[in-house]
Amino acid sequence: MSVEKIDTLIVGAGQAGVAMSEHLGEAGVPHLVLERGRIAERWRSERWDSLVANGPAWHDRFPGMEFAGDPDGFVAKEEVADYFAAYARKINAPIRCGVEVRAVRRNAGRPGFTVTTSQGVIEAERIVAATGPFQKPIIPPLVPDDAGLMQIHSSTYRNPAQLPEGAVLVIGAGSSGVQIADELLRAGRRVYLSVGPHDRPPRAYRGRDFCWWLGVLGKWDMAAPAPGTEHVTIAVSGARGGETVDFRRLGNQGMVLLGRTEAYRDGRLSFAPDLRQNLDRGDENYLSLLDEADAYIRRNGLDLPEDPEARRREPDPDCVTKPIPDLHLAAAGIATVIWATGFAVDFGWIKADAFDERGRPIHQRGVSVEPGLYFLGLPWQSRRGSSFIWGVWHDARHIAEQITIQRKYSEYQGKAQRMLQEA
Ligand SMILES: Cc1cc2nc3c(=O)[nH]c(=O)nc-3n(C[C@H](O)[C@H](O)[C@H](O)COP(=O)(O)OP(=O)(O)OC[C@H]3O[C@@H](n4cnc5c(N)ncnc54)[C@H](O)[C@@H]3O)c2cc1C
């Protein structure tokens with residue numbers, strides 16, 4: 001039986017796979033993209049219903065195509081998925097949907113990889129794993145399954161109606177946790193939100209969105225998180241036209257803020273006494289960005305409107321002045337816990353010597369230590385912007401260049417070989 005052969009196989013057709021296909025196409029590298037679901041499947045089926053992009057439409061896109069509609073608006077998640085499907089059509093990307101890659105094995109004694117898929121075997125010289133920065137939901141093993149509660153991860157939250165009646169505890173206050181908690185509060189639920197260390201940029205300042213500020217201040221290009229901030233999440237939202245996330249305001253609107261969730265015992269959850277510290281550090285991060293923006297405006301003589309409102313601080317709500325050390329979940333009427341505690345990567349399907357002891361790829365800007373194996377879309381792959389829509393496009397260009405360079409080496413024939421062929 002003949003086996004299908006391809007130069008470069010891209011696994012996953014999210015934004016990373018589509019960007020990779022564009023650059024490989026331009027470089028003339030024969031390739032195929034395999035996607036187990038639909039193009040940009042995670043935007044369609046692993047995000048809540050009301051989600052909109054965190055960045056404005058002018059920013060969160062590829063250079064080759066604009067979103068229809070207001071460039072300063074925040075695009076709904078289905079439209080984001082539609083955008084990538086349209087982009088794939090525009091560049092004529094060779095994407096095969098509904099095909100799952102089950103295993104990739106390094107060939108022994110010869111270059112390349114043997115790929116087992118749900119529809120047969122493929123031989124590929126090179127592999128680009130573009131299966132996403134956020135693959136496997138993390139739920140810390142704190143609350144037992146038989147605690148008499150509904151427990152879900154943020155990736156399976158859809159809307160308030162999906163949850164049983166009663167109060168909701170959202171654990172984790174990054175962009176997902178804070179947006180879900182806010183939506184539930186607006187739907188009339190009693191909401192508890194466990195807040196850990198976070199960055200909290202202003203949605204906009206002096207007439208410019210924070211995406212613009214991070215760009216001109218060089219922060220999207222940071223190569224690695226600042227020391228000590230590796231576990232700091234970022235809380236931003238494009239909901240309702242884009243508003244700055246302000247935990248104190250949410251507290252004053254009735255949301256009960258709690259410190260980091262620590263332990264569970266006999267129906268009680270306890271929280272670290274760090275709520276005020278986490279809020280203060282979030283404020284410091286917020287204010288430092290305003291200061292840097294002001295300095296940038298002065299240095300460059302920009303004519304941008306003053307924004308004194310941005311420095312106004314909400315009063316502390318009761319839950320901050322009198323922090324709650326623990327909660328009896330049933331007594332508080334909590335029927336649901338939503339874990340907005342992030343994701344891990346899972347590359348168990350790649351059988352190659354390319355991972356550290358925690359299963360994370362060993363790579364330089366996506367070029368793996370295993371020759372012929374590449375990664376795309378990893379968090380901080382080359383810089384802060386790597387896992388985001390616009391950033392992955394630039395990383396894909398780098399990988400396409402590296403693949404082109406390696407193909408040249410493979411094609412090289414020594415003098416003796418050339419003479420043999422000419423004879
Ligand atoms: C809630 C949320 C909101 C976000 N909002 C924004 C935003 O507004 N702006 C922004 O820039 N970024 C945002 N991001 C970050 C990032 O843009 C997304 O996570 C994006 O989905 C990453 O794209 P990707 O192509 O790298 O990975 P994914 O979208 O995860 O795509 C990977 C694809 O690989 C497929 N796949 C996986 N395994 C296999 C296999 N074995 N065989 C075949 N196919 C496989 C999957 O089905 C999937 O389609 C957000 C992330 C989250 C979680």
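This is a predicted model: local features need pLDDT of at least 70, side-chain atom pairs count only at pLDDT 80 or more; totals for chains, interfaces and linings use all residues.
Local features need pLDDT of at least 70 and side-chain atom pairs count only at pLDDT 80 or more, while totals for chains, interfaces and linings use all residues. Residues are numbered from 1 along each chain as its sequence is written.

Strand 2 spans residues 31-35. Helices (H or I, at least four residues) and strands (E, at least two) are DSSP runs, numbered from the N terminus. Strand 2 is mostly covered, with 5 of its 5 residues buried. Buried means that 20 or more other C-beta atoms, placed from the backbone, lie within 10 Å of the residue's own. In a regular strand, side chains alternate between the two faces of the sheet. On one side of strand 2 lie His31, Val33 and Glu35, on the other Leu32 and Leu34, and all are buried.

Strand 2 pairs in parallel with strand 1 (residues 4-11) through 4 bridges. Pairing requires at least two DSSP bridges between the strands. Leucine 9 stands opposite leucine 32. Strand 2 also runs parallel to strand 3 (residues 95-97), joined by 3 bridges. Here leucine 34 faces arginine 96.

Conventions
A residue is buried if 20 or more other C-beta atoms lie within 10 Å of its own, exposed if 12 or fewer, and partly exposed in between; C-beta atoms are placed from the backbone.
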